[in-house]
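Please read each numbered point with the model in view.

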Amino acid sequence: MIPNYIPRVITVNDLSGFCRVSLTESISILSAMGTEVCPLPTAVLSTHTYHFTDYTFCDLTEEMPKILEHWLKLGIKFNGICTGYMGSSRQIEILSEFIKAEKNSDFLTVIDPVLGDNVLSDAETVYYDRMNDLLCSMKRFVGLADVITPNLTEACLLLDRKYPDHPLSEREIKDMMLELSELGPKKIAITSVMCGESKMCVGVLDKDAGKTAFLDCGYVDRPFHGTGDIFAAVLTGALVRGKSMVQASELAVDFIKAAIAETMKYRDIPIQHGAIFEPVISKFFAERL
Ligand code: PXL
């Protein structure tokens, strides 16, 4: 279903100037999907933080309530919000207040509970240092969401579980999603789930529709920075355009697979530069929406 209006979505994330992550991705993707994007930056960095040292970091916590207040004063109506990296519990508090005030059946809340990722052994980064402080706040915050998109590490953290030492069965993934839904959100996608020898999938639960899906992601033995941010952005763009949770997740997985296939063509570009989605983006959404 193509809406006869332009959905307007707030995207909350950091702005990392170099390399493809967070706002750089969500603004491009949501725009390409025909959504008006209102970026709310949580911090400005010179680069993302994976294997970079000396990056700059400017915290924007104090700007956030001022920006939101101005938007409210202008009487702007939003169709949804998609949140990613937040630097502190205070930022979560600010957004919780805003979401509680905006929440109605036409306002979609997608929370990517960014906390960490250890699917690849060396992927713990400085970026996730404030995790302990954030975890309690994040557990409450996800209770406000219609949709959450944790990776497997974040799903385990939210459920106070250890990261599994074996590939997960569909039953185990489904049980985790059901447990996560008890925190509040009715729609869950767990990304980066090892579900077999060299096999990765995304588990999807749509409790309202009574649907579960396990989407094959293929497997490439290296990290692709920012793919969690891409997943949440595509999912949000598709949901506000009326796609179902399973359809939106399929679209997100397909887009990431296309970006990864593109990235693999550029073997001389360092891993930190992220998933090369630029050659894919315009054609991909033009053909599918
Ligand atoms: O989601 C990727 C990402 C986004 N923003 C910052 C990061 C990273 C990954 O390292 O450091 C600042």
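1. Helix H1 (residues 22-32) packs against helix H7 (residues 227-240) at an angle of about 25°, and their axes lie 9 Å apart. Axes here are lines fitted to C-alpha atoms, for helices over the stretch in contact, and angles run from 0 to 180 degrees between N-to-C directions. H1 is therefore roughly parallel to H7 (angles under 35 degrees count as roughly parallel, over 145 as roughly antiparallel, 65 to 115 as roughly perpendicular and the rest as oblique). Helices (H or I, at least four residues) and strands (E, at least two) are DSSP runs, numbered from the N terminus.

2. This is a predicted model, in which local features need pLDDT of at least 70 and side-chain atom pairs count only at pLDDT 80 or more, while totals for chains, interfaces and linings use all residues. Residues are numbered from 1 along each chain as its sequence is written, and side-chain values use heavy atoms, with hydrogens and water left out.

3. Which residues of H1 meet H7? On the H1 side they are Ser-22, Glu-25, Ser-26, Ile-29 and Leu-30, and in H7 they are Asp-229, Ile-230, Ala-233, Val-234, Thr-236 and Gly-237. Contact means heavy atoms within 4.5 Å. The residues of this contact comprise 5 nonpolar, 4 polar and 2 charged (Ala, Val, Leu, Ile, Met, Phe, Trp, Tyr, Cys and Pro count as nonpolar, Asp, Glu, Lys and Arg as charged, and the others, Gly among them, as polar).

4. The model has an open sheet of 9 strands, ordered S3-S2-S1-S4-S5-S6-S7-S8-S9, with mixed pairing. Strand S3 (57-59) and strand S9 (211-218) stand at the edges with a single partner strand each, so one side of each has no neighbour in the sheet. Two strands pair if DSSP finds at least two bridges between them. Strand S8 (residues 199-206) pairs with S9 in the antiparallel sense over 7 bridges, and Val-202 stands opposite Leu-215 in S9.

5. Helix H8 (residues 245-263) packs on the sheet and touches S6, S7, S8 and S9; the direction of H8 makes about 5° with that of S9.

6. Cys-19 is in the loop between S1 and H1, whereas Asp-54 is in the loop between strand S2 (36-47) and S3. Are they buried or exposed? Cys-19 is buried at 8% relative accessibility, while Asp-54 is exposed at 75% (buried means under 20% relative accessible area, exposed over 50%, partly exposed in between, with a 1.4 Å probe and protein chains only).
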